[in-house]
Amino acid sequence: MLRRSSTALLLGLLSPTVAAAEIELSFYLGQQTAPPSRVSIAGDRAIPNQSFQQPWVGQSLEWPVYAGVRATMWRSSSFGIGLDYAHNKVKPPAGTLPAGFSALEFTDGLNTWTINGYRRWQNALGRATPYVGAGIGLSVPGVEVRYLGSDTFEYQLTGAAATWLAGVSYPLSDKWAVFGEYKGTYTSNAVKLQGGGTLKANILTNALNVGVSFRF
């Protein structure tokens with residue numbers, strides 16, 4: 001439902017210029033990390049109220065891997081707008097969970113859906129094209145929180161997301177290109193726990209991506 005509504009919103013925004021625009025589909029993998037963030041829990045029947053600083057690791061290459069896909073409509077040679085999905089991941093390093101927890105992670109995805117704007121400078125570096133982008137959207141993580149007898153394991157819409165990126169694209173042909181980029185995300189997450197409480201965590205991720213794009 002969320003995926004269909006997000007796609008419909010994007011098409012609604014872009015439909016007046018579909019016929020004249022250049023469409024680009026991009027797929028990327030990378031190495032993603034995350035700095036520590038504050039985790040707060042309140043109002044739960046099983047988990048005591050608490051607040052603590054939690055370290056994170058990305059485990060980018062462990063299944064399911066960190067990856068993303070985006071569709072961009074270039075309305076001109078310089079400016080574009082598009083929809084980006086990223087399967088970000090965060091998990092506590094071994095030995096860092098507070099007492100009572102056996103899991104507290106977003107490894108089925110700290111998933112983000114964002115609508116982004118882009119600026120590019122075609123062939124500014126010889127045949128290479130630098131670009132930047134930023135956008136806002138939603139955080140839809142796969143939540144896993146296990147505390148003694150309380151288990152929360154499901155996908156939830158937990159709050160807002162923002163993303164920003166900068167990279168360089170290099171053409172292989174008139175249709176195909178490869179690219180490398182830095183991509184950051186910020187998610188504000190309010191997780192509903194099985195015991196009726198709420199877990200809050202604002203999480204930043206940083207990633208170095210490589211990918212391939214197809215234009216039509």
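By class, five nonpolar, seven polar and six charged residues make up the lining of the second largest pocket; Ala, Val, Leu, Ile, Met, Phe, Trp, Tyr, Cys and Pro count as nonpolar, Asp, Glu, Lys and Arg as charged, and the others, Gly among them, as polar. The model is predicted, so local features need pLDDT of at least 70 and side-chain atom pairs pLDDT 80 or more, while totals for chains, interfaces and linings use all residues. Residues are numbered from 1 along each chain as its sequence is written, and side-chain values use heavy atoms, without hydrogens and water.

The second largest pocket holds about 280 Å³ of space. Among the 18 residues that line this pocket, Glu24, Arg120, Thr129, Ser169 and Arg215 are the closest to its centre. Two or more lining residues come from each of β1 (22-33), β4 (67-74), β6, β7 (129-139), β10 (159-171) and β12 (198-215). A pocket is an open set of points on a 1 Å grid, where a 1.4 Å probe fits, with protein on both sides within 12 Å along at least five of seven lines; lining residues have an atom within 4 Å of a point. A volume is the space filled by probe spheres set on the points.

Strand β8 (residues 142-147) is largely enclosed by the rest of the structure, because five of its six residues are buried, meaning under 20% relative accessible area with a 1.4 Å probe. Strands are DSSP runs (E, at least two residues), and two strands pair if DSSP finds at least two bridges between them.

| Pair | Bridges | Direction |
|---|---|---|
| β6 (residues 101-120) and β8 | four bridges | antiparallel |
| β8 and β9 (residues 150-155) | six bridges | antiparallel |

Phenylalanine 101 has tyrosine 147 in β8 as its bridge partner, and glutamate 144 has phenylalanine 153 in β9. In the hairpin of β8 and β9, with two residues between the strands, leucine 148 takes a positive phi near 50°.

Key:
Buried means under 20% relative accessible area, exposed over 50%, partly exposed in between (1.4 Å probe, protein chains only).
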